[in-house]
Amino acid sequence: MTLKNEKRNMIFAGLVIGVIASLLVLFGNPKNMGFCVACFLRDTAGALGLHSAEAVQYIRPEIIGLVFGSFFMALAKKEFSPRGGSAPVTRFVLGMFVMIGSLMFLGCPFRMILRLAGGDLNALLGLAGFACGILVGVFFLNKGYSLKRSYALTKAEGGVFPVLTLAVLALLLAAPAFIHFTEAGAGPGAMHAPILISLIAGLAVGALAQRARLCMVGGIRDLVLFKETKLILGFAAILVGALVCNLILSGTTGTSYFHLGFADQPVAHTDGLWNFLGMMLTGFACVLLGGCPLRQLILSGEGSSDSAVTIFGLLAGAAFCHNFGLASSAKGPTANGKAAVIIGLVAALVIAGVNTFKKENAK
Amino acid sequence: MTYIATFFSHFGAIRYKKLCDAQGFAARTMPVPRSLSSSCGTCVRCEGGFVEPSGVCAEEVDRIAEVTEDGYVFVYHSEEHAHGT
């Protein structure tokens, strides 16, 4: 496949994913949140009882679909390749801080694009911070940063995460009493598309993202490192797809899916500095991990236990965010959240430095 | 002839490129072509030849493929691939 074909496929995948994300809002997801890997993992953590924020508890089928979309596509294309063993504890910690940064901003990089497509200009500050974080990460990459290589693992090891994901789907469908669901009208956790639609949307996006290697972080990283535009075309195509679909829905349904401005945006706050710093932490930590939260889900479906560990870190981070009052709300960031983002930036710098300037990397 | 080397880490690619530069092969780092791997990592494109991986470098190189009109022909595999894993 030539680079031109790869770019064409990337644009196609991005447009379709953008449209799917926009349609999920029509079917019931919160506005500008057709997809948000951070928010959806946070909701899932709440449903599993890892935190007790009653407004954000629901097992999001989109997450399950993303993993299985990638898993099935990888199996079909003979790309299912269980690997792992590359600094798992460091990845867990970085995953936690990615979540803390994302919940300061109120969205992962994927939702950042969808917020822009819904007219939320606060996301521009997030985008600026995200790009700065990636630039800091690229600096360390160029200086020799490495979490060391991964190694081939057994098929059984690669299958553990998909099986766990299947178990979570079973809990969603069975809905036993110990699983928590936000009550109707009590918060974003209660706003969701029907399970089957969410699941199919997740499967489709997971399969497309696996084929296209879509990554929100990789787009800016590759542009800076290699002057290569392919991945960032996917980023742009999602924005265009979701924006056009939002405008069409606004014009045809009588409900507004596009509201340009800073104030009164859905599930968002207007503190520009902390929107910037939250996404800076997310961008920086994601470069150190080698991919955005969406990409981590896709890689876990391909058999990467390193990415599975990162997702456990994201889940733990989500639990900490709500148990320790770190997550922002529409009212703005919290003092605890600001402290956690600063700690996260320092921790990411230390992790980057330690894994860059050790003797063997300096050779 | 053109060769593309893929790696287990970005750092491995940077180190291999320096090795190619030192041995006089024109080499540049770039994103791994999708048709070669589902990894979104960094590869090294070498013109005219490639450095046979050995020592520490061999631990980092996954595969090396010659670019032909019909696609990629692998000329080097890491031990993992040699054992079919």
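This is a predicted model: local features need pLDDT of at least 70, side-chain atom pairs count only at pLDDT 80 or more; totals for chains, interfaces and linings use all residues.
Two residues are in contact if their C-beta atoms, placed from the backbone, lie within 7 Å. Take the contacts in chain A with a separation of 6 or more: 83% of them join residues 24 or more positions apart.

Now the overall build. Chain A has 15 helices and two strands. The C-alpha trace spans about 60 × 45 × 45 Å along its principal axes. Of the 363 residues, 58% are buried.

Next, the core. The largest nonpolar core holds 134 residues. Which members touch the most others? Three are in chain A: V37(A), I100(A) and A285(A).

Set aside its neighbours within four places in sequence. A285(A) is then in contact with L94(A), F97(A), V98(A), G101(A) and A348(A).

Last, one helix pair. Two packed helices are described by the angle between their axes and the distance between the axes. Here the pair is α3, residues 61-76, and α8, residues 195-212, both in chain A. Their axes come within 6 Å. They cross at roughly 40°. Angles under 35 degrees count as roughly parallel, and 65 to 115 as roughly perpendicular. α3(A) and α8(A) are therefore oblique to each other. And the hand? α3(A) passes α8(A) in a right-handed crossing.

Methods
Residues are numbered from 1 along each chain as its sequence is written. Chains are lettered from A and ligands numbered from 1 in the order in which they are written. Helices (H or I, at least four residues) and strands (E, at least two) are DSSP runs, numbered from the N terminus. A residue is buried if 20 or more other C-beta atoms lie within 10 Å of its own, exposed if 12 or fewer, and partly exposed in between; C-beta atoms are placed from the backbone. A nonpolar core is a set of buried Ala, Val, Leu, Ile, Met, Phe, Trp, Tyr and Cys residues joined through C-beta atoms within 7 Å. Axes are lines fitted to C-alpha atoms, for helices over the stretch in contact, and angles run from 0 to 180 degrees between N-to-C directions. Angles under 35 degrees count as roughly parallel, over 145 as roughly antiparallel, 65 to 115 as roughly perpendicular and the rest as oblique. A crossing is left-handed if the near helix is turned anticlockwise from the far one by less than a right angle, and right-handed if clockwise.
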